[in-house]
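Please read it with the coordinates open.

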Number of protein chains: 2
Amino acid sequence: MAVSARDVARMAGVSVSTVSRTLARPDQVAPETRDKVVAAARALGYRANPAARSLITGQTGTLGLVVPDLENPYFTSVTKGVQKRAQAAGYALLVADSDEHSGQEAELVRNMASRVDGTVLCSPRASDDVIAGLAQEFRLVLVNRRVGDIPAITVDNADGVRQALHHLRALGHGRVAYVGGPRDSWSHGERLAAFRSIGAELDLDLVELGNFRPYVSGGVAAADILIASGATAVLAYNDLLALGLLERLRQRGVRVPEDLSVVGVDNVPVAALTSPALTSVEVPRMESGRAAVDLLLAEVREGVHTAGATQDLSVQLVVRGSTGTPAAAGGAAVRHPAGVVTT
Amino acid sequence: MAVSARDVARMAGVSVSTVSRTLARPDQVAPETRDKVVAAARALGYRANPAARSLITGQTGTLGLVVPDLENPYFTSVTKGVQKRAQAAGYALLVADSDEHSGQEAELVRNMASRVDGTVLCSPRASDDVIAGLAQEFRLVLVNRRVGDIPAITVDNADGVRQALHHLRALGHGRVAYVGGPRDSWSHGERLAAFRSIGAELDLDLVELGNFRPYVSGGVAAADILIASGATAVLAYNDLLALGLLERLRQRGVRVPEDLSVVGVDNVPVAALTSPALTSVEVPRMESGRAAVDLLLAEVREGVHTAGATQDLSVQLVVRGSTGTPAAAGGAAVRHPAGVVTT
DNA sequence: AACAGTCTTGCAATCCTTTGCATGCCCTTG
DNA sequence: CAAGGGCATGCAAAGGATTGCAAGACTGTT
């Protein structure tokens, strides 16, 4: 049914090898033969069968991507970046979503391994050992995570936290909270460590508020604890958490930024749409995806495992309406005693 | 490097055919032989080479998905649904994004055609002819679009518009605007037609406001025209447009819903996060993706082109804060003369 | 005029799996 | 005891493209 190289060869009056060579290395074929073959191939709409090709070359012309949740806007953008670069390089892209079951991610990588030339893995929560094991077996590039010297694209989390805390301190905040993400998340660890060390440097009064699911619901859950903490400003693990905070704070009648300043991380598109709009540390998400593909393709084309090839992308605080000077002494809870609160 | 059936055969002391049969049709193999083979396969970590398999079977075990923009939350959810169902059925998923170049979508389908058993195509704006041509050549299922009797998953757009208009009319609105999406978008056409016919049925004073890009920026661009139109309520082509309207209305000092009620379509996750939260027609996006895969797999497994297999999913208006009773006679423009506006 | 060297093309093996067919064995039955 | 029928297994072909090697044609040089 599909047209094969044999059909083209027959039509052009040459052998299959010549057809193959014409398409792969045109300079090794006489111009007039080349023209005949190209004409025949075009007339028949010939496309080399990728299965047959990869069977002999060992290459698939496909890359893989594994993410915890396609609907999380962070991963959506990474996916877009990966797709874009892969497509530009002439590679197809296999996508798999673990639905936040980090234990399943290794299996997804294994499943797609024989169909791809390499895989971009976003697995914030799987254990180092599992990831190191995978990297031993397959060609991997990690996004937003470091494990040993597996090739990886990361962002400068510490600098993001630094920018956020400097901003808050400049506004006059003294007591600043960090609403954490999942305990086992790599970037949460990075951000928490930076919060501690840079907060201390800046002589801030720090409050650490546990671990929350990195979604809007997590922020909603964290908000009341935050209010009770007496902090006048908060840095959330990510924007979704921050958006949940904003929502619950509004319900509770806590004004942002007058009573409480809120900073997120990622600068997802929604951050600009709330009122007040969310101040956030812009993370180059799409660029992370693109860079990951570049790293992967470099390896695929060199044909070697280039351990230690990593890239740390820079971030930039984007200031919007959710941060401002603290209204008075004391935290939100002080100015909003129980009676006033709209629970 | 990779372990092949030969390695397993050697280890188990059988022929390659037996290895293949053990994995494909275990009942045709003697139990003890089967055990030896399974043990050897497990010990070596054998996985059949998908390229070799698809070369002979003509099946790839992979499905394709083409969307205009992965970052558009509508398509993000469809993608998630498609991925989920494909994975559950043991299929891998190739994803391609046309970056809103609808002319490129046919080429993307063609490119992946030989790597997949079938493709889910989301192409709201390509011409009917192009799509019909593709369907002739390849196994396709359309999402959110009908072309001839190509298998397709759609939603009941007319009913969505009906629910929205009934809601607005019940609140007491008389002059209602529709802010349109792209002229060549199939669902825009459906929604506009429904707006006209149902609006007339309900005896509403209808205003049609041109075509806008289906993003937040389109809504921002449409807002001023909307204000000038004198409508007290608006139905937007989709939520992103509606969110753009909300943003610009806020800037202009037009209160929602007191001065203007706003309804979107899709009920994307962000819709719940704005203030006021957006009233929107919930569209089962993920379910659309799932249903599309079901249709596709039915065809793949039957091995025939089942023309005319379609499914029309139902929708449900979700009422939130962005709709309410009109404050007084006259449109927003009347109550907000130029002097008051915060441009 | 003959030979060396270059360029072009075809042959054939190879990648790995699946599957129709044949073989050989054993068991059953007349 | 012989023949027939299953059952389990191996053989070999097939699927389509790639590529090392060899052969043939042709150019140019001595």
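1. Basis. This is a predicted model: local features need pLDDT of at least 70, side-chain atom pairs count only at pLDDT 80 or more, and totals for chains, interfaces and linings use all residues. Residues are numbered from 1 along each chain as its sequence is written, while chains are lettered from A and ligands numbered from 1 in the order in which they are written.

2. Fold of chain A. Chain A holds 13 helices and 12 strands. These are DSSP runs, numbered from the N terminus: H or I of at least four residues for helices, E of at least two for strands. The radius of gyration of chain A, taken over C-alpha atoms, is 26 Å, well over the 20 Å that the globule rule gives for 343 residues, so chain A is more spread out than a compact globule. That rule is 2.2 Å times the number of residues to the power 0.38. Along the principal axes, the C-alpha atoms of chain A fill a box of roughly 90 × 35 × 30 Å.

3. Burial. Of the 343 residues of chain A, 51% count as buried. Buried means 20 or more other C-beta atoms within 10 Å of the residue's own, with C-beta atoms placed from the backbone.

4. Domains. Chain A splits into domain 1 (5–48), domain 2 (62–155 + 285–314) and domain 3 (157–283 + 318–335). The bounds come from an automatic or database domain assignment. Over C-alpha atoms, the centres of domain 1 and domain 2 of chain A are 37 Å apart.

5. Symmetry. Chain A superposes on chain B by a rotation of 180° with 0.0 Å of shift along the axis, at RMSD 0.1 Å. The two copies are thus related as by a two-fold rotation axis.

6. Chain contact. The contact takes 33 residues from chain A and 33 residues from chain B. Contact here means C-beta atoms, placed from the backbone, within 7 Å. On the side of chain A, α4, α5 (73–88), β2 (92–97) and α11 (239–252) each give two or more residues. The largest share, 7 residues, comes from α5(A). Of the interface residues of chain A, 100% are also interface residues in chain B, so the copies meet through the same surface.

7. DNA strand D. There are 27 residues around DNA strand D, and A:Ala5, A:Ser17, A:Ala52, B:Ser17 and B:Thr33 come nearest. A residue counts as near if its C-beta atom, placed from the backbone, lies within 6 Å. α2(A) gives the most to this surface, with 6 residues.

8. DNA strand C. Of the 25 residues around DNA strand C, those that come nearest are A:Ser17, A:Thr33, B:Ala5, B:Ser17 and B:Ala52. Here α2(B) provides the largest share, 6 residues. The surface near DNA strand C divides into 12 nonpolar, 10 polar and 3 charged residues. Nonpolar covers Ala, Val, Leu, Ile, Met, Phe, Trp, Tyr, Cys and Pro; charged covers Asp, Glu, Lys and Arg; the others, Gly among them, are polar.

9. B:Pro214. Look at the loop between β7 (205–211) and α10 (216–229) of chain B, where B:Pro214 sits. B:Pro214 is buried, with 28 other C-beta atoms within 10 Å. Leaving aside neighbours within four places in sequence, B:Pro214 is in contact with B:Gly181, B:Pro182, B:Tyr237, B:Asn238, B:Leu240 and B:Leu241.

Terms used
Buried ≥ 20, exposed ≤ 12 C-beta atoms within 10 Å, placed from the backbone. Least-squares fit on C-alpha atoms with pLDDT ≥ 70 in both. Contact = placed C-beta atoms within 7 Å.
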